[in-house]
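The sequence and structure are shown first.

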Amino acid sequence: MKDDNQLPGSDQKPFKTFEGHEKEIVSIATFPDGKRIVTISTDKTIRIWRLEDGAEMMKWVVKQHVFAFVLAENGKQVVSAEGETPDGFDEDIDPDEVLDWQLWVRDVESGRVVAGPLEGHTSIVVTLDMSPDRKMLVSGSLDRTVILWDTSTWQRKGQPILCGSYINCVRFSPAGQLGVATFEDIQIWDLDRRERLAQFKGHHDFNQAANFGLTWTRDRAHLFSAGNRDDPVIRSWDTSTWKQAGDPWIGHDKDLEINHITLNPAGTLLASASHDCTVRLWRFHTGTEVARFKHSNKIYYAAFSVDGRSIFSGGEDKKILQWEIPEDVLTVAQSDSLASAKNEAARGKDSVRFLTLHLIYILTLDQMKRLLNVRHLKPFDGPASMGLHYTS
């Protein structure tokens with residue numbers, strides 16, 4: 001691994017700073033138009049920012065704490081999880097204490113409440129995610145449950161799914177399976193059948209650490225996870241076996257949790273945000289750290305820009321910083337993307353070749369059967385190239 005000061009971005013100043021929040025920033029999202037971001041903070045506000053000049057475009061003050069949100073309707077709506085905490089987020093919270101938490105849906109342009117309160121959870125809702133087809137929202141809570149919501153009606157779909165442990169993160173795969181990171185394990189769910197497909201300890205196998213963050217690769221071949229302070233590394237899991245793939249990605253400071261991980265739009269760079277005050281970029285194909293950006297305090301969240309050329313981060317210093325990803329890192333990432341596309345194309349050609357041969361085989365066998373039927377012959381039940389049994 002390179003020395004800290006040799007890593008790209010180590011001494012880099014942020015490209016832009018967004019200031020206005022009065023307390024720590026806990027989540028960030030980029031709008032599909034690539035021109036705006038939305039952030040939430042423990043100051044009980046949701047804010048929308050214009051990227052061109054860093055101006056605050058809109059601020060919604062909510063009555064209670066807001067800890068998670070997601071964009072809906074192609075960026076036309078914001079869904080937020082809001083509720084009560086006994087002593088704010090600065091104190092440890094007992095997950096078994098019953099707390100009133102709800103979801104609210106707001107129109108981005110007007111701030112008007114479109115739906116809500118959506119009720120069902122009995123403790124802090126810490127994570128939300130939208131299905132790939134945008135028809136379902138999933139919420140995960142410290143009450144150990146996952147709730148499914150129909151985005152066309154904002155009604156709950158069935159009863160809550162019991163996961164058995166405090167939930168830290170929910171993430172849909174590109175195919176629609178749901179990954180759930182809990183304190184004790186990682187679970188994979190088929191939501192259509194409400195069936196748990198896999199369950200494994202993940203980081204909990206190492207110093208009984210908690211599973212904190214998840215992100216899937218675009219080809220669904222791997223699921224990445226991040227651990228808390230007892231195992232502050234990134235691990236990759238082979239989705240065909242749910243065994244660990246390769247060595248863990250090590251670099252973040254010991255005894256400090258990794259709060260969030262996410263892949264860039266091309267799927268070639270992974271970003272991780274940590275209590276060690278850094279956002280780190282990792283090359284997906286090698287698992288090596290290729291860039292690092294520093295805040296003055298703990299970082300809770302990171303999000304890539306729509307074009308993948310910059311990254312936004314926020315945390316306890318109350319600022320959202322935009323970092324330009326160094327050109328040499330982007331060049332390597334682009335070459336990885338081209339190589340990946342070439343491999344996918346090769347696999348596609350192999351699939352097409354196999355399908356073509358299979359169709360030829362079917363057509364040939366069918367034609368042979370027709371020919372033999374005309375001649376009152378009985379075909380052998382196998383490939384057309386093999387022998388035939390004749391009848392008198």
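Arg 194 counts as partly exposed because its relative accessibility is 33%, where partly exposed lies between buried (under 20% relative accessible area) and exposed (over 50%), computed with a 1.4 Å probe on protein chains only. This residue is found in the loop between strand E17 (186-190) and strand E18 (195-200); strands (E, at least two residues) are DSSP runs numbered from the N terminus. Phi of Arg 194 is near 50°, a positive value in a residue other than glycine. Asn 207 also has a positive phi, near 60°, and is placed in the loop between E18 and strand E19 (211-216). With 61% relative accessibility, Asn 207 counts as exposed.

A cis peptide bond, with omega about 5°, joins Gly 116 and Pro 117. Pro 117 is found in strand E9 (residues 113-121). Most residues other than glycine have a negative phi, and most peptide bonds are trans.

## Basis of the model

The model is predicted: local features need pLDDT of at least 70, side-chain atom pairs count only at pLDDT 80 or more, and totals for chains, interfaces and linings use all residues. Residues are numbered from 1 along each chain as its sequence is written, and side-chain values use heavy atoms, with hydrogens and water left out.

## The four-stranded sheet

Four strands form an open sheet in the order E2-E3-E4-E5, with antiparallel pairing; two strands pair if DSSP finds at least two bridges between them. Strand E2 (25-30) and strand E5 (56-61) stand at the edges with a single partner strand each, so one side of each has no neighbour in the sheet. On average, neighbouring strands of this sheet are turned by 15° against each other, direction ignored, with axes as lines fitted to C-alpha atoms.

E2 pairs with strand E3 (residues 36-41) in the antiparallel sense over five bridges. Within this pair, Ile 25 stands opposite Ser 41 in E3.

## Nonpolar cores

A nonpolar core is a set of buried Ala, Val, Leu, Ile, Met, Phe, Trp, Tyr and Cys residues joined through side-chain atoms within 4.5 Å. The largest has 21 residues, and those with the most contacts inside it are Val 79, Ala 81, Leu 103, Leu 128, Leu 137 and Trp 154. Elements giving two or more residues to this core include strand E6 (65-72), strand E7 (77-83) and strand E8 (101-107). Its largest share, four residues, comes from E10.

Leaving aside neighbours within four places in sequence, Leu 137 is in contact with residues including Val 70, Ile 147 and Trp 149, contact meaning heavy atoms within 4.5 Å. A second, separate core of 18 residues includes Leu 269, Phe 293, Ile 299 and Ala 302.

Methods: Axes are lines fitted to C-alpha atoms, for helices over the stretch in contact, and angles run from 0 to 180 degrees between N-to-C directions.
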